[in-house]
Amino acid sequence: MPVKLPAALANIRREVHLTLKQANYDLGKHQFNTVASAGMKILNALDKTSKEEDEGRIAIAHEGFSILLRLLSPICPHIAHALWHELGYGDDILTAPWPEPLATALEQDEIELVLQVNGKLRGSLRVAKDADKAALEQLALAHESVQKHLAGATPKKIVVVPGRLINIVA
């Protein structure tokens, strides 16, 4: 896997691993219909890789199909085994380890924060995951929706809940 993927491919890989995480939980609860649904979600995510023009897309597709086939093997073992062999992953899908979501694939560089003015939702803001409080306050105050609702008034207090929201009290 490339060290640094482009944002679009990293999002696709993250989507595959998030879906795998949920599917593993559902499989433990014997909710096979949602596991089959997760297979469709993974397939739809992998379909997005065909639109990317990058060398990493082949690695993402290879990893994703490997996860998809292993996830579907308890539900439809014959076709999963045949595709596993045909795509060159190995001779027997039963000897392959069960897929687990990778923590590195689930990490994000950016997060989305909720913007509130006086406790009311006024928008959202995508920021770097490691942005400090002062930078978050500046970005929130510069947001057009916040400026519109402040109407030139100076905020009395700015409450920053890391990773969740920014509330501006006017």
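Arginine 13 counts as buried, at 12% relative accessibility. This residue lies in helix α1, which covers residues 7–28. The model is a predicted one.

**Helix α1**

- Arginine 13 and tyrosine 25 are separated by twelve residues in sequence. In space, their C-alpha atoms are 19 Å apart.

**Helices α3 and α4**

- Helix α3 spans residues 56–72 and helix α4 spans residues 77–86. The two pack at an angle of about 150°, and their axes are 8 Å apart.
- Because of that angle, α3 is roughly antiparallel to α4; the cut-off for this term is an angle over 145 degrees.
- The crossing of α3 and α4 is left-handed.
- On the α3 side, the contact is made by Ser66, Leu69, Arg70 and Leu72. On the α4 side, Pro77, Ala80, Leu83 and Trp84 take part.
- Sorted by class, the contact of α3 with α4 has six nonpolar residues, one polar and one charged.

**The sheet**

- Four strands form an open sheet in the order β2-β1-β4-β3, and the pairing is mixed.
- Strands of a sheet pair through backbone hydrogen bonds, in either a parallel or an antiparallel way.
- The edges of this sheet are β2 (120–128) and β3 (157–161), each of which pairs on one side only.
- On average, neighbouring strands of the sheet are turned by 20° against each other, with direction ignored.
- Helix α6 (residues 133–142) lies across β1 (110–117), β2, β3 and β4. This helix runs at about 120° to β3.

**Strand pairs with β4**

- β3 and β4 (residues 165–169) run antiparallel and are joined by five bridges.
- Valine 160 has isoleucine 166 in β4 as its bridge partner, and valine 159 is partnered with asparagine 167 in β4.
- β3 and β4 form a hairpin, with three residues between them. In the turn, glycine 163 has a positive phi of about 80°.
- β1 and β4 run parallel, joined by four bridges.
- Isoleucine 166 in β4 stands opposite leucine 115. Isoleucine 166 is also the bridge partner of valine 160.

**Glutamine 116**

- Glutamine 116 is found in strand β1.
- This glutamine is buried, because its relative accessible area is 18% and the cut-off for buried is under 20%.
- Apart from neighbours within four places in sequence, glutamine 116 is in contact with Leu121, Arg122, Leu165, Ile166, Asn167 and Ile168.

**Loop residues with positive phi**

- Most residues other than glycine have a negative phi.
- Asparagine 118 has a positive phi, near 55°. Its place is in the loop between β1 and β2.
- At 46% relative accessibility, asparagine 118 counts as partly exposed.
- Alanine 151 also has a positive phi, near 50°. Its place is in the loop between α7 (144–150) and β3.
- With a relative accessibility of 67%, alanine 151 counts as exposed, the cut-off for that term being over 50%.

Methods. Residues numbered from 1 in each chain as written. Predicted model: local features only at pLDDT ≥ 70, side-chain atom pairs only at ≥ 80, totals over all residues. Heavy atoms only, no water. Axes fitted to C-alpha atoms, helices over the stretch in contact; angles between N-to-C directions. Parallel < 35°, antiparallel > 145°, perpendicular 65-115°, else oblique. Left-handed = near helix turned anticlockwise from the far one by under 90°. Contact = heavy atoms within 4.5 Å. Nonpolar A, V, L, I, M, F, W, Y, C, P; charged D, E, K, R; others polar. Pairing = 2+ DSSP bridges. Buried < 20%, exposed > 50% of the residue type's maximum accessible area, 1.4 Å probe, protein only.
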